[in-house]
Amino acid sequence: MSALAELLLAHYDDNARDLPWRVGPKSSPSKQINPYHIWLSEIMLQQTMVSTVIPYFEKFIALWPDFSALAAADEGAIMAAWAGLGYYARARNLVKCARAVHSDYDGVLPQEEDELRKLPGIGDYTAAAIASIAFGKRALVMDANIERVVARIYEISTPLPRAKIEMKAVLHDITPQARAGDFAQAMMDLGASLCSVKNPKCDQCPIYELCKAGQSDTASSYPVKAAKKAKPMRSGMAWWIEYDGKILLVKRDEKSMLGAMMALPDDGWNARQDGDAMLKIALNDAHIGKIMQHEAFVQHSFTHFSLKLKLTSIELVQNDAFDKQMSEKAVWWPIKDIEQAGLPSLFAKALTIKDDNEKGMK
Ligand code: SF4
């Protein structure tokens, strides 16, 4: 084992983060590695911080304790439980993956990276992380934290994402055969603690003596990133349509952004174009009571674009808000229970525009 791996593992043994899915050096001997927990946590952690993931992880394992339970669950309930965690394609793939593990692998997750990669929602990183952490395989695990640590140890000056090939090569050299899962988690922990993006604490780092950037006091210069393109700003409209203490919610098209989630009706905005400010549900003018376009708007950032979403509220005096082709996908939801609807953050934020407006009028 390399000197670097030895130092890092010794540090991990004393300082590993206590995480609900992790079996670490200080875990109770009765706690066993659970591949379902490792898989679930790794899917949730894609693009999301540990502190945000923990309550969702605990909710999911309480509701659906294994692959078979998750495979049998109603997709709408899973999407609602995921609401607020973002990147909703992960939730749709979560359902598909659980069903594939249940039907094709008797509810037991495969151990090899190649097999794992065949499952929905599992790419190179996640396959490597599961293979090493859940099954102890020597796999090259490289998330953003590990990229930063590797770039600093070796002062890799090639900009990301091009630098990934170089980073993989050095990771190959330093990943040990034994305790590969602990090594990956030790690297993740180092990146999440001492080797943070800002103000790394090199003076407390267990591998300071072996780290080029630490030695030359240049850690903050790594990893080098390619210049970012500015995100386009899209605009859209959502509608609060209310009747008799209920609000009209629609299930979004499976293939659209936030697909299969419950949402407010909107005007068809997407990553490539603005919405057309037209409601896609036919309303009978004679049944419209109060209508109001709110001044305030929500600004929300997606991976490739930002969205400025405005809200129009409509109070109906009769309940025929949607036409027949919409009726299967639409539901009248009690306003008092709106928090249980599992709306994605964008629409949950849009609802506050109406609340704020009403408070302002009082
Ligand atoms: S010495 Fe500094 S830059 Fe190097 S790994 Fe440790 S914290 Fe990161």
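Which residue in the turn of the β1–β2 hairpin has a positive phi? Select Asp-244: its phi is about 55 degrees, and the hairpin leaves two residues between β1 and β2.

**Before you start**

This is a predicted model, in which local features need pLDDT of at least 70 and side-chain atom pairs count only at pLDDT 80 or more, while totals for chains, interfaces and linings use all residues. Residues are numbered from 1 along each chain as its sequence is written.

**The whole chain**

Switch to a cartoon and you can look for 14 helices and six strands. Helices (H or I, at least four residues) and strands (E, at least two) are DSSP runs, numbered from the N terminus. Of the 362 residues in the protein chain, 36% are buried. Here a residue is buried if 20 or more other C-beta atoms lie within 10 Å of its own, exposed if 12 or fewer, and partly exposed in between, with C-beta atoms placed from the backbone.

**Two domains**

Colour 3–221 as domain 1 and 233–361 as domain 2; these bounds come from an automatic or database domain assignment. Their centres, taken over C-alpha atoms, are 36 Å apart. Nine residues from domain 1 and eight residues from domain 2 make the contact, where contact means C-beta atoms, placed from the backbone, within 7 Å. Now select helix α5 (residues 75–82), which gives four residues, the most from any element, to the side of domain 1 that touches domain 2. That side has five nonpolar, two polar and two charged residues. In this scheme Ala, Val, Leu, Ile, Met, Phe, Trp, Tyr, Cys and Pro count as nonpolar, Asp, Glu, Lys and Arg as charged, and the others, Gly among them, as polar.

**Around the ligand**

Select the ligand and the 14 residues around it; Cys-195, Cys-202, Cys-205, Cys-211 and Gly-214 come nearest. A residue belongs here if its C-beta atom, placed from the backbone, lies within 6 Å of the molecule. Two elements, α9 (144–153) and α12 (212–215), each give two or more residues to this shell. Helix α9 provides the largest share, three residues. By class, the shell has 12 nonpolar residues, one polar and one charged.

**The nonpolar core**

Next, select Leu-8, Ile-130, Val-150, Met-187, Ala-263 and Ala-350, the residues with the most contacts inside the largest nonpolar core, a set of 99 residues. Such a core is a set of buried Ala, Val, Leu, Ile, Met, Phe, Trp, Tyr and Cys residues joined through C-beta atoms within 7 Å. Each of domain 1 and domain 2 supplies at least three residues to this core. Zoom in on Leu-8: leaving out residues up to four places away in sequence, Leu-8 touches Phe-183, Ala-186, Met-187, Leu-190, Pro-206 and Ile-207.

**The strands**

Back to the strands, which count as paired if DSSP finds at least two bridges between them. Strands β1 (233–243) and β2 (residues 246–251) run antiparallel, joined by two bridges. Select Glu-242 and you will find Ile-247 of β2 opposite. Ile-247 also has a bridge partner in β6, Trp-333; β2 and β6 (residues 330–334) pair in the antiparallel sense over five bridges. Then try Val-250, which stands opposite Ala-263 in β3, where β2 and β3 pair in the antiparallel sense over two bridges.

Four residues lie between β4 and β5, and Met-292 stands opposite Ser-313.

**Backbone stops**

Most residues other than glycine have a negative phi, and most peptide bonds are trans. The last stops depart from that pattern.

- **Leu-160 and Pro-161:** a cis peptide bond joins them, with omega about 0 degrees. Pro-161 sits in the loop between α9 and α10 (164–174).
- **Tyr-222 and Pro-223:** the peptide bond is cis here too, with omega near -5 degrees. Look for Pro-223 in the loop between α12 and β1.
- **Asp-217:** phi is positive, near 55 degrees. Asp-217 is in the loop between α12 and β1 and is exposed, with 9 other C-beta atoms within 10 Å.
- **Ala-277:** phi is positive at about 65 degrees. Ala-277 lies in the loop between β3 (262–263) and β4 and is partly exposed, with 14 other C-beta atoms within 10 Å.

Technical notes
Contact = placed C-beta atoms within 7 Å.
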